[in-house]
Amino acid sequence: MTDELIGFIAAFCAALSFGSYGVPMKGEAATRVDVDPLVFQSYKAFTVLLVSSILIYVNNILADEENDHIIDNANYNWTFHKWSFSDFTPWAFLSAILWVPGGTAGVYAVRRAGLAISVGIWSCVIVIISFIWGVLIFGEKQKSGALGAVKAVSVLCIGLCGIAYFSSSEPESKKKVDSRLKEVIDETTPLSSSGGNDTTSEG
């Protein structure tokens, strides 16, 4: 299994996770409790620490088992890198500093604008920013060339913007019903209040 194929599989798993992690924010239980977005983000951060620690432990176990397997099979290509504190990098703190406000704003967006439109908008922006960082700053090579990559990103962004737009648009019939209902309420409310005043004065 090549590194590129492993990368595609990891990207697909990441897409499933990032596309679904906003669902609990919109759930009935979280909405009913109305947890502050920054507090909700702190819960997420603690869970990341806990789950990552478990995965590191599992990864190290698999790395030890793999080392024994590689000795017996020279054609074995899949590799697990055993983590240790020597692999620590302070850049992780910068990544977390960027992630926390982004995650907090994401909670606000999902609760106010909805899951579909929020994810559609920030996915489009993420694609553009990540493409700029990868191609222009880190100099990552594209098989289709820079022009082909720009076209692909443009088509993807147009599709994501379309999803966000149509997710936020209410049907015209629903708007008419809501408008008519508001008119009926406005017409009946003065009558009710005047009738109440007449009864009070007669009493």
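**Pockets and their linings**

Analyst: Four helices, α1 (3–20), α5 (91–113), α6 (115–137) and α7 (145–168), each supply at least two residues of the lining of the largest pocket. The model is predicted, so local features need pLDDT of at least 70 and side-chain atom pairs count only at pLDDT 80 or more, while totals for chains, interfaces and linings use all residues. Residues are numbered from 1 along each chain as its sequence is written, and side-chain values use heavy atoms, with hydrogens and water left out.

User: Why is the term "pocket" used rather than "cavity"?

Analyst: On a 1 Å grid over the protein atoms alone, a cavity is a set of points where a 1.4 Å probe fits but cannot get out, whereas a pocket is an open set with protein on both sides within 12 Å along at least five of seven lines. The space of about 1600 Å³ is a pocket, and therefore an open set.

User: What makes a residue part of the lining?

Analyst: A lining residue has an atom within 4 Å of a point. The largest pocket has 36 of them, and Phe 18, Trp 122, Ile 126, Val 127 and Ser 130 lie nearest its centre. Helix α6 gives the largest share, 12 residues.

Key. Points joined across faces, edges and corners; volume = space filled by probe spheres on them.
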